[in-house]
Amino acid sequence: MRRSFLLIFLIFLVSLIYIGRLFQLQILKSEKQNPAFTSTVKVEYDYPERGYVYDRKGKLLVANQLSYDVMVIPKEVKPLDTLEFCSLLKITKENFLNRFKKAEQYARWLPSVFLKQLSKDHFAFLQEKLSKYKGFYVQKRIIRNYPINSAANVLGFIGEVNEQKAKLSTYYEQGELIGKLGIEKQYEKDLRGIKGKRYFKRNNLNEITGPYNEGKLDTLSIPGKDLTLTIDSDLQQYGEKLMKGKRGGIVAIEPKTGEILALITAPSYDPNLLVGRKRSKNSTKLFYDSINKPTFDRGLQAMYAPGSPFKIINGLIGLQEGVINNNFSVRCFGGYRYGRQKKEFMRCHCGIIGNPIHLKTAIAKSCNSYFATTYRRIIDNAKDSKTGLEIWSKHAKSFGLGNYLGYDLPTGQKGRIPDSTYYNSWYNFRWGATHTISNAIGQGEVETTPMQLANMTVAIANKGHYYRPHIVKKINNKLIKDKTYTEKIKTTIAPKHFEIAIEAMHEVFTRGTARGSKVKDIEICGKTGTVENFTRINGERIQLKDHSILVAFAPKNNPKIALAVYIENGGYGSTIAAPITSLIIEKYLKGHVERRYIEEKMIDLSLKSEYDKLIPKIDSIAPREK
C-alpha cells in the first residue's frame with residue numbers, strides 16, 4: 001500500500017513539474033523573449049536621426065547624411081546568378097562568398113550588413129534591380145557629416161558594431177553604428193536615440209503573413225539628443241592654425257565654470273576622413289602613423305614634465321607649510337649645490353647673481369636655487385623624508401595633478417605626482433630630499449598632461465579652487481546640472497597665499513620671460529617653461545631640443561580664460577609657447593588679433609625639420625604613452 005502511494009505521488013510530482021515547465025516555455029517565456037531571436041519572425045528597424053552637435057555659440061559642428069547599406073538574411077537567400085549580382089554590387093565573387101559566410105556565422109535568420117554605405121547614385125541604380133534577389137534588401141542609415149574641418153579629437157567618430165559586441169549587446173546588431181571616440185563615444189546613449197522596430201510573422205516558406213502579435217510590440221524610433229559643447233569653434237580653429245607644423249597640445253578653460261573652450265592637439269586630421277566607405281582605409285593610415293600620431297590626443301594623453309610652471313605649486317606649498325614667507329629670500333650663484341660634499345649642481349639662468357631673491361622675483365625670473373631650497377625645506381620640515389614627501393604630494397595632488405580629473409571625455413592619463421611608495425620601490429636605501437630634488441623645478445618624476453596643467457592654472461586664477469573640466473554644456477538645449485561639473489573643488493592651499501603668486505605671474509608678462517608677448521589693454525598672468533627633452537638613439541641617451549611651455553590666465557582680475565600651451569621641441573618657453581598663448585588670449589578676449597606680424601610668424605613657423613631629424617634613428621621619444 002505504501003509503495004503504491006509513493007509511486008502515485010512520484011507520478012503526480014513529475015507531471016506537475018512537466019506541466020509547470022510547459023507553462024513557463026509556452027506562456028511566460030514566449031511573452032518575455034525577444035521575437036527577433038526566432039526564425040518565424042522578421043524584424044524591420046527604423047533608425048533614428050543621430051543628435052546634432054553645436055559649439056557654445058550655436059555653430060554646427062556635426063550633422064547627418066543618409067547612407068544606404070545592402071543587408072542580407074542568409075536563410076531567405078535563394079539560388080542566384082552570382083556573377084550578375086557581383087557586377088551590380090561592384091565586388092568580386094570571392095568577396096561575395098566571404099561576406100555571405102560571415103553573415104551565416106553571425107545568424108542565418110537575422111539581418112546583417114552585406115555591403116555598407118552605398119552612394120546615392122549606386123543606391124538608385126541598385127534599388128530597382130535588387131528586388132529579384134531574395135534575402136537581400138537596402139537599409140537606410142544615418143552617418144555623420146562634419147561641416148568644419150576642426151576638433152576631430154573632441155568630436156570622435158562612429159564606426160560599425162562588430163560581431164563580438166553585437167552578441168554581448170541587447171541593443172546593437174552587427175553592422176550598426178556606434179560612437180568610437182570623443183563625445184560620440186562618451187555621449188553615445190544621448191546621441192544615438194532609440195531605434196524603432198516592427199515585427200512580422202513568417203510561415204514555413206519564409207513569406208510574411210502579417211504583423212506579429214497584432215503589432216503590440218512595434219515601437220517608433222526616438223531621435224537622438226542634440227549636444228551643445230563648451231568649445232568655442234572659432235578659438236579652436238585659430239589654435240589649430242597656430243599649431244600647424246608643430247607637435248603638442250593646447251587646452252583652454254573658463255575658470256569660473258570649468259568649461260573647456262579649446263582642446264587642441266597637433267598634428268590632427270579631417271574628421272570627414274572617417275566617414276563613408278573610405279573610413280576603413282583612412283583609419284588604418286591614421287591610427288598606424290607612428291611618426292605623427294594624428295589620432296593621439298596630446299592635450300589629454302601626452303604626459304610631459306611640467307617644468308617651471310610647477311615651481312608656482314612648490315612656492316604655494318612652502319607658504320602653506322610655513323617653511324617660507326614673503327620675506328624669505330635665497331641668494332643664487334648660478335645654481336644650487338646639493339648632495340654629498342655639495343658635488344651635485346643644478347644650474348640656474350635667473351640672471352640674479354648674489355642678491356637676495358624673494359618668492360615673487362623667484363617666480364617671475366624662474367630661479368632654480370630658490371625653489372630647490374623651498375622644496376628641500378618642505379621635505380625636511382617633517383619628522384622624516386617619507387612623511388615630508390607625503391605632505392608635499394598631497395598638496396600637489398589637490399590641484400588635480402597625479403590622477404584622472406574626471407572630465408567627460410573617454411581618453412586621458414593620470415600623470416604622476418610621486419609619493420613615498422613610489423620612491424621606496426626605486427631606492428633600497430634611506431633616501432632624502434636631495435634624491436628627489438628635480439621635483440622642485442618640475443622635472444624628475446613629475447609628469448602632467450596639458451589638460452592637468454590648464455586645470456592647475458585655473459586653480460591658481462581662482463585662488464584655490466576649480467570646477468571639474470567638461471566639454472558638454474547642454475543636452476537638448478538644457479544646461480548640464482550634474483554636480484560632478486558644478487561642485488567647487490578646493491585645493492589644500494589657503495586663498496591668502498595665492499595673491500603673491502598671481503602678482504609674480506603678472507610680472508612674467510610685464511618684465512619677466514614673457515614680456516615680449518604682452519598684449520595691449522589685457523593684463524596676462526603666466527609662467528614660461530623650458531623642459532629638457534631626451535631620447536635614446538642606438539641605445540644612447542641623447543638630449544634633444546627642449547620643449548616650450550607656457551601656462552597663463554587673463555585678465556588678471558576676474559579671469560575669463562586659463563590655458564596651457566605645450567610645444568614639443570619648441571625650445572625656450574618665451575620663443576614659441578608665449579607668443580602663441582598671448583595670441584589665443586587676444587583672439588578670445590578681443591575677438592580679433594592686432595599684432596599681425598606675430599600672428600603671421602607663428603602660423604608660418606614649422607618645426608618639421610626638427611622632427612624629421614629623429615625619423616630614421618629614434619628608439620623612443622617623448623611624450624610617453626602608457
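Predicted model: local features only at pLDDT ≥ 70, side-chain atom pairs only at ≥ 80, totals over all residues.
**Second largest cavity.** I found Lys-116, Gln-117, Ile-143, Arg-144, Ile-158, Gly-159, Glu-160, Leu-177, Leu-274, Val-275, Gly-276 and Arg-279. I noted β4 (112–118), β5 and β6 (158–160) as the elements that each give two or more residues to this lining. The most comes from β6, with three residues. By class I have five nonpolar, three polar and four charged residues in the lining. For the volume of the second largest cavity I wrote down about 100 Å³.

**Largest cavity.** I then searched the whole structure and got seven cavities of 30 Å³ or more. The largest cavity has a volume of about 190 Å³. Its lining consists of Tyr-47, Pro-48, Arg-50, Arg-141, Ile-142, Tyr-171, Tyr-172, Glu-176, Leu-177, Glu-188, Arg-192 and Lys-195. Two or more of the lining residues come from each of β5 (136–145) and α8 (188–192). I sorted the lining of the largest cavity into six nonpolar and six charged residues, with no polar ones.

**Largest pocket.** Next I turned to the largest pocket, with a volume of about 920 Å³. It is lined by 30 residues, and Ser-308, Arg-347, His-349, Asn-368 and Thr-530 are the closest to its centre. I listed β15 (344–347), β21 (525–537) and β22 (540–554) as each supplying at least two lining residues. The largest share, five residues, belongs to β21. The classes in the pocket lining are seven nonpolar, 16 polar and seven charged.

**Nonpolar cores.** I looked for the largest nonpolar core and found one of 106 residues. Leu-229, Tyr-370, Trp-392, Phe-399 and Ile-460 have the most contacts inside it. Helix α16 (residues 450–461) gives the most to this core, namely eight residues. Another core, of 35 residues, lies apart from it, and its members include Leu-235, Ile-561, Ile-567 and Leu-583.

**Ile-460 and its helix.** Leaving out residues up to four places away in sequence, Ile-460 touches Ile-312, Ile-313, Leu-316, Phe-399, Phe-498, Ile-502, Met-505 and Phe-553. I also checked how α16 packs with helix α18 (residues 498–510): the angle is about 115 degrees and the axes are 9 Å apart. Ala-459, Ile-460 and Ala-461 are the residues of α16 that meet Phe-498, Ile-502 and Met-505 of α18. I counted six nonpolar residues in this contact, no polar and no charged.

Technical notes
Residues numbered from 1 in each chain as written. Heavy atoms only, no water. 1 Å grid on protein atoms, 1.4 Å probe; cavity = no way out; pocket = protein on both sides within 12 Å on 5 of 7 lines; lining within 4 Å. Points joined across faces, edges and corners; volume = space filled by probe spheres on them. Helix = DSSP H or I, 4+ residues; strand = E, 2+ residues; numbered from the N terminus. Nonpolar A, V, L, I, M, F, W, Y, C, P; charged D, E, K, R; others polar. Core = buried A, V, L, I, M, F, W, Y, C linked by side-chain atoms within 4.5 Å. Buried < 20%, exposed > 50% of the residue type's maximum accessible area, 1.4 Å probe, protein only. Contact = heavy atoms within 4.5 Å. Axes fitted to C-alpha atoms, helices over the stretch in contact; angles between N-to-C directions.
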